[in-house]
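These notebook entries record what I looked up in one structure.

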Amino acid sequence: MSRLPSYYKCLAKQSRIAHLNAFISLADGASVISTTPDTHGSFSGKSIAIKDNICTSDLPTTAGSGILKDFISPYDATVVRRLQDAGAVIMGKTNMDEFGMGSHSMHSYFGPVKQLGRGEEGISAGGSSGGSAVAVKSGYCDVALGTDTGGSVRLPAAYTGIVGFKPSYGLLSRWGVIAYANSLDTVGILANSVDMVRQTFNLLNKYDPQDPTSLVPSTRSRLRTPKSAETPLRIGIPLEYNVSTLKPAIRDAWICALRLLQSKGHTLHSVSLPATRHALSAYYILAPAEASSNLAKYDGVRYGSRAEGIDGTPQSVLFAKTRGEGFGPEVRRRILLGTFSLSAQAIDNYFIQAQKIRRLVQQDFDNAFSAPNPLVSSTSPSVSNSSGVDVLLCPTAPTLPQLISNIENQDSVSETMSDVFTVPASLAGLPAISIPISIREDHNDPDLSKAGVEQTAGMQIIGQYGDDRLVLDVASQLE
Ligand code: GLN
């Protein structure tokens, strides 16, 4: 008997996961079933969910925003087209923080995403790709695409106990991905296993001439063939990540993961990344600055739904009303912040300083790794720093997911603290994966136990630019 394609099983779950609010739009069952995917494609019959800031021509693309609530893209993003060409079936578009701005998927025009749980109270799914993470975790799809600007794939993966991978910046095409902060935006992959993530990465890791930031073939050919994780590796432990606010359950899981790698024959080395403590502040200057410029086009004339009843008013009123009504409070806050830090009186003290910190963060990583950075180094890839490490292992987030009711009362600065461990790799454009590690029972969190959520801590493996395969291989050893 032939096996049913996975999307049949997924469709059966549709009504059971509706309360989690993971999707903004769903492909209708009849059209999914009538799709006869290319049976020879490497992704034939695989079910995929796509974050709603990645353009699809069949379903709307809203980026979780009121200003794009009626937008249907005339074309598919390159990553979507590549998946469809390989036979994948798009199941729906996933809910997210508006334009990717947030860490708990609670700043969506379409309401918050909840993580699977038995209790009355919802648990944060992480953000901003929370809908994609919940779609995978609840078995609604084999793989989901997200975007990761400062941690938005890794944090939801850590909170929901799945695998989330942010590849090196520029490897996966951003053509058709709605920009938040171009110099940081990366398409990321969420799945239940490293192997599924690897297959998706291999399919999508190709040059795209339509994306000006796509890594060109000549540079791709300069990327070294990474070491094999079968040989003994030097694993770095970044000391600055051992902060006093790190939850004991997570520190304990970190130690377990390090011991596991040691038992596979790898050696452990402490590493210092001193600029890490400034990375979060630098990120929250740079990302809003880029966002304020990217979001200027949503004015109700060129892009975006226009506010009602204002035709014929002066253009400044039309812009102000459209943008005031169309954007949610978090996006408005970031636009104001970004516009301020780029203004003539503030640029030297904020934007320029943050750029300098970004450079220091990149240099810290380059000093830590044995392999030179192929984008900045003129040294041959065979010349390596023998006291450096091959990959770094650290937690993805300092805390476990929290009850949504607790987060609702949080201010936006506390929300940013969840990103403290993910933004450094984003600022440096490095490959990083979050992988779930079980938490010892005596460290279980009572709120999560009550909600029936499986208790894991996300561990992050970070590699040198272009060492994506090594990062994936080390992650497999922790599965
Ligand atoms: N939480 C971070 C922010 O709000 C990261 C978001 C992301 O990676 N898209 O900017």
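I took helices (H or I, at least four residues) and strands (E, at least two) as DSSP runs, numbered from the N terminus. The model I am reading is a predicted one.

**Entry 1. Ser 343.** On that convention, I placed Ser 343 in the loop between α11 (329-341) and α12.

**Entry 2. The nonpolar core.** I looked up the largest nonpolar core and found that it has 136 residues. Ile 48, Val 163, Leu 190 and Val 391 are those with the most contacts inside it. Which helix gives the most to this core? It is α9 (residues 276-294), with nine residues. For Val 391, I set aside residues up to four places away in sequence and listed the contacts: Leu 233, Ile 235, Gly 236, Ile 461, Ile 462, Gly 463, Leu 470, Val 471 and Val 474.

**Entry 3. α9 against α12.** Two packed helices are described by the angle between their axes and the distance between the axes. For α9 and α12 (residues 351-368) I recorded an angle of about 130 degrees and axes 8 Å apart. The two helices are therefore oblique to each other, and their crossing is left-handed. On the α9 side, the contact involves Thr 276, His 278, Ala 279, Ala 282, Ile 285, Leu 286 and Ala 289. These meet Phe 351, Ala 354, Ile 357, Arg 358, Val 361 and Asp 364 of α12. By class, I noted nine nonpolar, two polar and two charged residues in the contact of α9 with α12.

**Entry 4. α9 against α11.** I next took the axes of α9 and α11, which come within 7 Å and cross at roughly 100 degrees. Angles of 65 to 115 degrees count as roughly perpendicular, and α9 is accordingly described as roughly perpendicular to α11. From α9, the residues in this contact are Ile 285, Pro 288, Ala 289, Ala 291 and Ser 292. From α11, they are Arg 334, Ile 335, Leu 337, Gly 338, Thr 339 and Ser 341. The contact of α9 with α11 divides into six nonpolar, four polar and one charged.

**Entry 5. α6 against α17.** For α6 and α17 (residues 468-477), I recorded axes that come within 9 Å and cross at roughly 165 degrees. That makes α6 roughly antiparallel to α17. The crossing of α6 and α17 is left-handed. Val 194, Val 197, Arg 198 and Phe 201 of α6 make the contact with Asp 468, Leu 472, Ala 475 and Ser 476 of α17. I counted the classes in the contact of α6 with α17 as five nonpolar, one polar and two charged.

**Entry 6. α3.** How many of the eight residues of α3 (residues 78-85) are buried? Six are buried, so α3 is largely enclosed by the rest of the structure. I identified them as Thr 78, Val 79, Val 80, Arg 82, Leu 83 and Gln 84. The buried residues of α3 pack against the strands β2 (47-51), β3 (89-94), β4 (143-148) and β6 (186-191), and against α6 (194-204). Following α3, I noted Gly 87, with a positive phi near 100 degrees.

**Entry 7. Backbone geometry.** I found a cis peptide bond from Gly 127 to Ser 128, with omega near 10 degrees. Ser 128 lies in the loop between β3 and α4 (130-137). Ser 105 also belongs to the loop between β3 and α4. Ser 105 is not a glycine, yet its phi is positive, near 55 degrees. Ser 105 counts as buried, with 34 C-beta neighbours inside 10 Å. Asn 21, likewise not a glycine, has a positive phi of about 60 degrees. I placed Asn 21 in the loop between α1 (6-12) and β1 (23-26). With 21 C-beta neighbours inside 10 Å, Asn 21 counts as buried.

**Entry 8. Pro 398.** I located Pro 398 in the loop between β9 (391-395) and α13 (404-408). Pro 398 counts as partly exposed, with 18 C-beta neighbours inside 10 Å. Leaving aside neighbours within four places in sequence, I listed its contacts as Val 243, Thr 245, Leu 246, Lys 247, Ile 250, Val 420 and Phe 421.

Conventions. Residues are numbered from 1 along each chain as its sequence is written. This is a predicted model: local features need pLDDT of at least 70, side-chain atom pairs count only at pLDDT 80 or more; totals for chains, interfaces and linings use all residues. A nonpolar core is a set of buried Ala, Val, Leu, Ile, Met, Phe, Trp, Tyr and Cys residues joined through C-beta atoms within 7 Å. A residue is buried if 20 or more other C-beta atoms lie within 10 Å of its own, exposed if 12 or fewer, and partly exposed in between; C-beta atoms are placed from the backbone. Two residues are in contact if their C-beta atoms, placed from the backbone, lie within 7 Å. Axes are lines fitted to C-alpha atoms, for helices over the stretch in contact, and angles run from 0 to 180 degrees between N-to-C directions. Angles under 35 degrees count as roughly parallel, over 145 as roughly antiparallel, 65 to 115 as roughly perpendicular and the rest as oblique. A crossing is left-handed if the near helix is turned anticlockwise from the far one by less than a right angle, and right-handed if clockwise. Ala, Val, Leu, Ile, Met, Phe, Trp, Tyr, Cys and Pro count as nonpolar, Asp, Glu, Lys and Arg as charged, and the others, Gly among them, as polar.
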